[in-house]
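Keep the structure open as you read.

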Amino acid sequence: MSRPALFVIAVLAALAGIGGLLSRAVTVRTDMTAFLPAGGTPAAQMLIKTLQSPVLASIILIAIEGADPAELARLSNDLASRLKASELFSSVSNGADVMSGDDFEMFFRARYLLSAKTQRGAFDETALRADLETDLGLLRSSAGPLVSRNLAADPTGHFLSLARDWLSHAGPASRNGVWFSADGSRALVMVRSKGSGLDTGVQSEVADTIEEAWQAAAPPANARMLKTGTGVFAHQAEQQIRRETMIFSAVASAALLAFMVVQLRSVPALLITVIPVVAGILAGTALVQSVFGFVHGVTFGFGVSMIGVAVDYPILFLGHLSSERSPFQSARLIWPTLLTGVAANVCGLSPMIFSSFPGLTQLGLFAIGGLLVAAATTRFLLPRLVTPGLVIRPLIPCPSPGRVQGLRKLRPFIALPFIVGVALLAQSDAKLTQDDLAELSPVPVEQRNLDEALRRDMGAPDVRHIIAVRGKTVEEALQASEDFAPTLQSLIGQKAIEGYDMAAKYLPSARTQLARRAALPEPAKLEGALTRAASGLPFRPGLFAPFLQDVAAARGQEPVDAAALARTPLSAVIDGLLYRQADEAIAYIVLIGVKQPDAIAASVTQNRQPNLLYIDIKGEMNSLVSNYLAETLRTLGWGALAILACLSFGLRRPAAVLRTLMPIALAGVTTVVVLPLIGQPLSVFHMVALMLMVGVGLDYSLFFNRSIGDESEWCRTFRAVVMCAVTTLLSFGLLAFCTTPVMRGIGSAVAIGVACAFVFSLVLARPNLDPRSRAVSP
Amino acid sequence: MRALHRGFLVVCLSLCLSFPGHAEEFGVADLMHMLAQVKESRATFVEEKRLAALTEPLILRGDLEYRAPAHLVKRTVAPIQESLEVDGSQLSVTKPGEGMNQTLSLDTYPEIKIMVAAIRGTLAGDIDTLREYYEVGFSGSRPAWELTLVPRSKRVREFLRVVRISGAEQRMTSMEMIEGSGDTTLMTIQTR
């Protein structure tokens, strides 16, 4: 075998080895929080921290439908008991057996500390008399059984008032003893996984366990189980990204391979093409892994599409091989143009590195590293691997330079698509920019709608407006939120909000509980007041002895803390409202029925407490997105200037720079106008992809405009550029069919842009065929 | 000849005795059948509640309305004002004095559902519903009958020990409920 051939095999083997090592060292992550922007206002930071809270994310709502209510109830109970047995969940609730006997005992015993009814004066003769008369009235009414059960121990109704406070917001409807949706078509189960909702490994196991439990419950043929929740979304997103990346990689590789086989018709040439591409991907992966410690799933998808760009370099090299010179000479000949192109590409991609989306930084780093390595490999390694005399003859027709000059007549028309597009946009009501972060999520619309519907059925309020109360400890946070309660009441009075919910409602601060304890009267005083209050009322004497005992016992009780509530059903509510970390606790006040957000913001500012933060979740997220759109546009500006500098340095003559840059700039603005028209409002990902497209398109423009010796050289260049364009279009065009918005956005923008860039460059090209004017040629 | 006459008399008598209608074998099925014929009725009631916690019974007065098969209204007039309306599986509680109106589903409150089933099942002559929740005992005859209902479920028996419903012909005259705690409610009904 010839030396070059041996080299090729050796190089491929080395690449395979590196690839194997790398795959062991690389960690892949697929949660979409990598595409959540970092930084921003304190509110935004708090928000992101909350969204990433493993506890909030661990809730899963399960709905069972497709059978009659009795069967749905049976399935609900069966599923719930199996899930409880699996030990993977910290809580499983389906409406049956809401409180265990022990829980009831604990709450009953702690009623005087927990209930807001305990105040100074609540145990005076007047107050007691009022309570006793209320009791009599209730005993006469249909609510009698409710009261008579605990009358002896709780004549003041502290426990009932506690239950009323807790249940003040609507919970799910109940039929056949379990939770149902309002229309009775779905049975509902709520579970909380022990592991984090953002850990896809945990969520994968959870998903499997739920599925197994469902099958074991022997559901009838038409019954279906639906799941929703952050963990479910993350799991589904991961599955989808993985599936799409695999399908896309397979199809793109096959298509590219087929195309290259037809054009090259030479196995050595094919293998040589592969080398810089593989080297580039491996370099990109290694770079990202070493800088970030992990590689995101979307980066892989994007990375595979970069094949379409990296393959340009070996194609350009192979395309310029000629029987009249050595491979080394061919490489040297095209290197200046190639280098300018590489530099422009890197400039074009650098805004991605400075983006505030960590995910985009990864993509940028991957692309830049990959391209640099691919270009270097092409220049320095490939010539050694080529058998001298290897020439490729692509099956692509080549227009004569005269025909190309003739194309310049079409110059004015290349602005047409842009003008037409602007006119169409001005007329249509197509959405121009994508501000809604939800639309950028890979979770499909049906799934998001299901989530909304199930949350409504569960009676969970739509959490949009919250106030975050920070404290060094849980006690501090609870106290601060209690201190803010009077302001909240006045907001209700102003009709700025309809209501609120806070952790302190269920778990009062120790300070409050101790104050209540101090308000409990001495046994002798209480007995006296009670006897006087009961005089004339038909209560059996001595009936209230348990009451006197319980109050006396409560005077020595320790305050209830979060740990005591941890195993009760109340923990589900409290966990959603209290976020605990080593050195910080955040208590959330959820505002319900918000009518005047400004009034809330004003009252928080007036309060002047540094640890209170008002967050309008949806508003904050959307402004984050528009801020980043604006920021990206700014960095794009810098990127464009950098490209201009590169080109000026490389081409030297302003006319040449203009001629090279114009078609690409036009392709860019045409793409910007076409995307909203085809139903893709401009998002950050589109903007970023545009810079990628500019870099790629510049390669074509540069090569079309370089000084070329003769017609056969022109044809080599033309065919090589066409092959580049086709491979880029194939890979990014296929990406445009993915359903993940990130990938689809990037694919569409690059595909449209590259197609335009190729056509416009060709029309504006002025290939310099004069052999004498080599002096200042690129 | 005399023996023949006596024998003939015996046969006649026994034949007469075996005719239905003469023998007054009035059973629970007959009672249910009779009650089911009544599609609508109105009555006033006096309810006496004896609670272990109180030294004297609570007396309530009001009126009742029934419409087959599942509509029942109990309107308490004195000493408090309250209206309980059951229609199918929905229960509405209205307290006009307090301006309170609440509707709940009986399915959510099995205890109330069972109590309602006793009175409504009897008025509708629905033996199946009664037998679903209770062991049904019957005694008496058409002019004075009594149904004794003991809940089947042990859990229910903890709060409701027995329900005794008495009546005359197709009218219910009284209903007594003895709760697990020992409290009793006796409702005397006067059908208009």
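The notes below cover a sheet and some salt bridges. The model is predicted. In chain B, 11 strands form an open sheet. Over all chains, the structure holds 27 salt bridges.

**The sheet in chain B**
- The strand order is 6-5-4-3-2-1-11-10-9-8-7, and the pairing is antiparallel.
- Strand 6 (100-105) and strand 7 (134-141) of chain B are the edge strands, and each pairs on one side only.
- From one strand to the next, the twist averages 15°.
- Strands of a sheet pair through backbone hydrogen bonds.
- Strand 3 (residues 71-78) and strand 4 (residues 82-87) of chain B pair over six bridges.
- Opposite B:Ser83 in strand 4 stands B:Arg75.
- Helix 2 (residues 28-37) of chain B lies across strands 7 and 8, at about 100° to strand 8.

**Salt bridges in chain A**
- Side chains of opposite charge can pair when their charged atoms come close.
- A:Arg74 bridges to A:Glu71, with the closest N and O atoms 2.9 Å apart.
- These two residues are three apart in helix 4 of chain A, so about one helical turn separates them.
- A:Lys117 forms a salt bridge with A:Asp131, at 3.3 Å between the closest N and O atoms.
- A:Lys117 sits in the loop between helix 6 and helix 7 of chain A, and A:Asp131 in helix 7, so the pair ties together parts 14 residues apart in sequence.
- A:Asp131 is buried at 15% relative accessible area, whereas A:Lys117 is partly exposed at 28%.
- A:Arg511 and A:Asp483 meet in a salt bridge of 3.0 Å, N to O.
- A:Arg511 is in helix 23 and A:Asp483 in helix 21 of chain A, 28 residues apart.

Notes
Residues numbered from 1 in each chain as written. Chains lettered and ligands numbered in written order. Predicted model: local features only at pLDDT ≥ 70, side-chain atom pairs only at ≥ 80, totals over all residues. Heavy atoms only, no water. Pairing = 2+ DSSP bridges. Helix = DSSP H or I, 4+ residues; strand = E, 2+ residues; numbered from the N terminus. Axes fitted to C-alpha atoms, helices over the stretch in contact; angles between N-to-C directions. Contact = heavy atoms within 4.5 Å. Salt bridge = Lys/Arg side-chain N within 4 Å of Asp/Glu carboxyl O. Buried < 20%, exposed > 50% of the residue type's maximum accessible area, 1.4 Å probe, protein only.
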